[in-house]
Amino acid sequence: MRFNWNYDYVKGSKFAYIFSIIITVLGIVSVLWLGLNYAVDFKSGSNVDITVSKAITTEQINPIIKDMDVKEGDVHITPGADRVNVRFSNVLDEKQESKFKQEFSKLDSKASYEVNTVDPEMAKELERNAIYAVLIASIGIMIYVAIRFEWRFALAAVVSIFHDAFVVISVFSIFRLEVNLTFITAVLTIVGFSINDTIVIFDRIRENLRFAKKSTKADLREVVNHSLAQTMTRSLNTTFTVFIASLCLFIFGGESIRMFSLAMVIGTFFGAYSSIFIAAPLWFTLKSKQADKPKAAAKASN
């Protein structure tokens, strides 16, 4: 069964722009006001991963935290059936670490521990490198698209991938979800997925431009809408496949990849959305200004 994907996507993009602007504004307010809920990877502290043989509750762990002279507000506990994570905002010394293990072993004598400690300087360096990674990847993509296509395609593509990345960051900030190194991996993966989908659409637009009239704004609009209709099945099939895989990882995967999976679920959806309703229509807006110039010049000469 074949679907008819003919639709005025350029017209629909106006509503998409409004929706994206609202999310962006909410995200900016949230990031500036609340910040991000950094894991121990991006702030100093100790992270204790415990493999347990039976379920341990937060209520059972809280008395141990109190005896360690550590504020309960500075400790984040994530209980689980076979794994417990305890994150301290301060770096545990040998005495505190030994006491914690000793007291926890009274709850589960078969427990095994993995303690990771990040000092303040290392945390700042990891955060700085994560920002550099996203920026360098975006600049590289912009240069590649500008060389292969033109600067309007490049600008539209970069706006699209920054939109996707920031939407994911905004959701994690608003709902106070934990941001760790796997989250950065997810953002870079989303950037790669989004640009791949966008490139397919841009390639079809460029191909259709070779055989279509492009003297007026209406001609360009028709090219964009027709190109999107031609690539819609491919875009949705690819998106659905990645989305389902990411959703299964989120539901059935372990705790260590849960935030990665959630970021992928959100980013995959918005990656397809931005390629269709932001990247291509934005290129049309930039290109249509060029199409209007000959008319303006002709009127001036008359």
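Leaving aside its neighbours within four places in sequence, which residues is serine 261 in contact with? Contact here is heavy atoms within 4.5 Å, and the residues are Ser246, Leu249 and Phe250.

Quick housekeeping. This is a predicted model, where local features need pLDDT of at least 70, side-chain atom pairs count only at pLDDT 80 or more, and totals for chains, interfaces and linings use all residues. Numbering starts from 1 along each chain as its sequence is written, and side-chain values use heavy atoms, with hydrogens and water left out.

Okay, back to serine 261. You'll find serine 261 in helix H8, residues 258-301; helices are DSSP runs of H or I with at least four residues, strands are runs of E with at least two, and both are numbered from the N terminus. Serine 261 counts as buried because its relative accessibility is 1%. For that label, buried means under 20% relative accessible area, exposed means over 50%, and partly exposed is in between, using a 1.4 Å probe and protein chains only. Its side chain also reaches the backbone oxygen of isoleucine 257, at 2.8 Å.

Now, rings. Rings of Phe, Tyr and Trp (its six-membered ring) pair if their centres lie within 6.5 Å; planes under 30 degrees apart are stacked, over 60 edge-to-face, and the rest tilted. That gives 15 aromatic pairs. Take phenylalanine 104 and tyrosine 113: centres 6.0 Å apart, planes at 80°, so edge-to-face. Phenylalanine 104 is buried at 0%, while tyrosine 113 is partly exposed at 23%. Phenylalanine 269 and phenylalanine 270 are edge-to-face too, with centres 5.2 Å apart and planes at 90°. Those two also belong to a cluster linked by ring pairs, along with Tyr7, Tyr9, Phe19, Tyr273 and Phe277.

Last stop, helix H2, residues 58-67. Its buried residues are Ile61, Ile64 and Ile65. Looking down the axis of H2, they fall within an arc of 100°, so they line one face of the helix; the arc is taken over directions from the helix axis to the C-beta atoms. On the face turned away from that buried side, H2 carries exposed Glu59 and Lys66. And what covers the buried residues? Strand E3 (75-78), strand E4 (83-88) and helix H3 (94-107) are among the elements that do.

Definitions and conventions
A polar contact is a pair of N or O atoms within 3.5 Å; within protein, one must be able to donate a hydrogen and the other to accept it, and residues adjacent in sequence count only if both atoms are side-chain atoms.
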